[in-house]
Amino acid sequence: MTSVVPIRNEPEFASAASPPRVLIIEAPAGAARRRWMEQRLAERAQSGARTWIACCDFDSGGPWAGANTFFWSIFEEIQAQKPDLTERHAAELVQVLPQLKSLLEVGARNLTDTAQGQERVRNYAADRAFRFVHGLIDLLDSWKSAMCPDIPWAIACDDFDKAGRIGGYFFRELLRRRGERLRLSLLAGVGPGEAEGVRASFHAAVGTRTAKPNLPGEAPRAIDREAAAREATEIEEKIGDDFLKKQVQVSDLIRLWRCANRPDKLFRWKGFAMTLYLHQGLYQDALRVGEGLLDLLPDQGRNDPKLRLWTIMKFLNGYMGMQDAPAGIRFAESVALKELEDGQATQEHIQLCFLIAMLYARYQKPRDYGKGEGYLDRGIALIKQSDLPEEDRHFEYVFNRNGVAMIRNFQGSFQAAIDLCRAGIERLNMHLGSDKHRLHRSVLVYNIAQVYFVTGAYAEAIENFTAVMAMDPNYSEYYNERGNIFLRVGRLEEARADYLRAIELSAPYYEVFTNLGQCYRRMGAMPEAIEAYSRALDLEPNQALALAGRAKAHEELGDREAAIADYSAALARDPKQWEAFASRGVLRYEAGDLDAALRDFDRAAELAPDQAGLYQNRSIVLQDLGRPKEAVRDLETALRLSASEEQRQTVQERLETALSAAY
């Protein structure tokens, strides 16, 4: 429950004995609010807590603002005390602290990680960045549990309302997943009117309170443009052309050049940041840093039309990464389509046609295949008109036709989709060296595998998944998806091996743990299944499939109470699972709660009226409730629906017994 309290009555914001919670301090930003937060931390420190304060303002620290300050302050300790953890979580650590790339070795990189320039043809799914958050939380959990489990932690996050998407998500998920175990409290400083929105962003299980102390605001500081320009220039000279140093300093450079009122420099560094964040899968943060970029463009792009097209395509990639088709289409129709009016046929124009096609044919709901294919055909016409080098012409042609293959797959023309992908592979093999566009070659094989899976041609799907994994052996999702096919066809040991390899190759994601739970349950390994499902639910608690699967595993182990609890949680999230109602009905019957069991069977029969077994089970409940005529009607229905002769004979015998009791 959330409450608003006057500051004069505000107790210590989380004592060592109290449950973990968030105290949101709503007051004007500035020194007074920060001092107030520091005082609350000092109170916690006096009671034995370890404390930190960090600024979460995106404009000051980038997407990971706040989280990066926190991890920088503890990294050396973790490295000294538990170097195995920094090695295991290197991929996550270099996301939040890119300066560690020179110190930590990130293993198992895939083709999407390593592709450069024009060969970087695949964007990560948006959830990939969120996996890193969960890996970082696992790191903290392992370290604190091993080194200082009994010491409370308190973190003050100033400017929490200004946090980036990924930075804010880190702190919210840290509180949800491990707030209690880490004995963690969070103090979030927000501006006037922002507390309620921030409060609502935390999981319901995380206790929150709001304080509104009467603190003075801070007058805007005078901007010294010359000093800002000097500092920015010094940073640029220091970092030179070092990509890693650019990545570390980009937020400072954007802030300083904005203060210096240098639109040319601001365009350069905002563009660099937008490109960087897009490649990292931070799409919402990329669009945020890109705000105003097009307004800076006229002077910059006057003599460089490619620069304008490059900028426009970055925005389209951002909208598609967020799967925000309405916003992407509005942007395309108001801005991007104008770039195709002059009839130019550069590589950028060709790629622009492809991106617009994807908005209509892939991301829009309902999809508009006709409009999407129209833009793809327009791209082919531009390829023919272009003066691109021969290798680039062949690649752009293949890339374009892969878009058509996607449409054919969506339309159910599966063989046509496969043929287009195979023709693309042959064309690349014929006209490009084997070292060129390795990523896109692998994507074409992957697409073929997906089509075979959709059509139920499992042997061919496995063959093509195996082929693409040979081309790109460190891509976690391939193992997860091939594991799903092995699970479908009952090759359980192979499915388990693939799921475990998928887990090894990636920061944690809930889907693979849910799948592993399904596999273990089919193998009869119920404790292992429960462990896998629980891991999945820790990562994403709103999963009806994992809850129902864990319920079945509990049921198999005879833990009726746990099974009923999980079935109930699954049904709260997805009330259309007739099997969950039926299973819970059986358990409630066994527990002697006949009325509740009947309600479950009634609902199951409403959802699945053609399932004979439901009527048989409900007839038993009805008989025990002293309603024999209704039991007879259910058995008559079950007899009519029974498929096998053996089942019909069993129902007939029970019906005869019920009839003699009813009349």
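Biologist: What volume does the second largest pocket have?
Modeller: About 850 Å³ in this predicted model.

Biologist: Which residues are closest to its centre?
Modeller: D57, S60, E218, R221 and R255 are the closest, out of 26 residues that line the second largest pocket.

Biologist: And which elements give two or more residues to that lining?
Modeller: Those are α1 (31-46), α2 (58-61), α10 (225-239) and α11 (243-259).

Biologist: Which one gives the most?
Modeller: α11, with four residues in the lining of the second largest pocket.

Biologist: How does the lining of the second largest pocket split by class?
Modeller: There are 13 charged residues, eleven nonpolar ones and two polar ones.

Biologist: Let's stay with α11. At what angle does it pack with α12?
Modeller: The angle between α11 and helix α12 (residues 263-279) is about 135°, and their axes are 9 Å apart. The two helices are therefore oblique to each other.

Biologist: Is the crossing of α11 and α12 left-handed or right-handed?
Modeller: Left-handed. On the α11 side, the contact is made by F243, K246, Q247, V250, S251, L253, I254, W257 and R258. On the α12 side, K265, L266, R268, W269, K270, F272, A273, L276 and Y277 make it.

Biologist: What classes of residue does the contact of α11 with α12 have?
Modeller: Eleven nonpolar, two polar and five charged residues.

Biologist: Which residues of α29 and α30 meet?
Modeller: From α29 you have W578, F581, A582, R584, G585, V586, R588 and Y589. They meet L594, A596, A597, D600, F601, R603, A604 and L607 in α30. By class, the contact of α29 with α30 has eleven nonpolar residues, one polar and four charged.

Biologist: OK, now α23 and α24. How far apart are their axes?
Modeller: The axes are 8 Å apart, and helix α23 (residues 476-488) packs with helix α24 (residues 492-504) at an angle of about 160°. That makes α23 roughly antiparallel to α24.

Biologist: Left-handed or right-handed, when α23 passes α24?
Modeller: α23 passes α24 in a left-handed crossing.

Biologist: Where do α23 and α24 meet, residue by residue?
Modeller: α23 brings S476, Y479, N480, R482, G483, N484, F486 and L487. α24 brings L492, E494, A495, D498, Y499, R501 and A502. The contact of α23 with α24 has seven nonpolar, four polar and four charged residues.

Biologist: Backbone next. Is the peptide bond from K365 to P366 cis or trans?
Modeller: The bond from K365 to P366 is cis, with omega near -5°.

Biologist: Where is P366?
Modeller: P366 is in the loop between α17 (347-363) and α18 (369-385).

Biologist: Last one, D159. Is its phi positive or negative?
Modeller: Positive, at about 55°, although D159 is not a glycine.

Biologist: And where is D159?
Modeller: D159 is in the loop between β4 (153-158) and α8 (165-178).

Note on methods:
Residues numbered from 1 in each chain as written. Predicted model: local features only at pLDDT ≥ 70, side-chain atom pairs only at ≥ 80, totals over all residues. Heavy atoms only, no water. 1 Å grid on protein atoms, 1.4 Å probe; cavity = no way out; pocket = protein on both sides within 12 Å on 5 of 7 lines; lining within 4 Å. Points joined across faces, edges and corners; volume = space filled by probe spheres on them. Nonpolar A, V, L, I, M, F, W, Y, C, P; charged D, E, K, R; others polar. Axes fitted to C-alpha atoms, helices over the stretch in contact; angles between N-to-C directions. Parallel < 35°, antiparallel > 145°, perpendicular 65-115°, else oblique. Left-handed = near helix turned anticlockwise from the far one by under 90°. Contact = heavy atoms within 4.5 Å.
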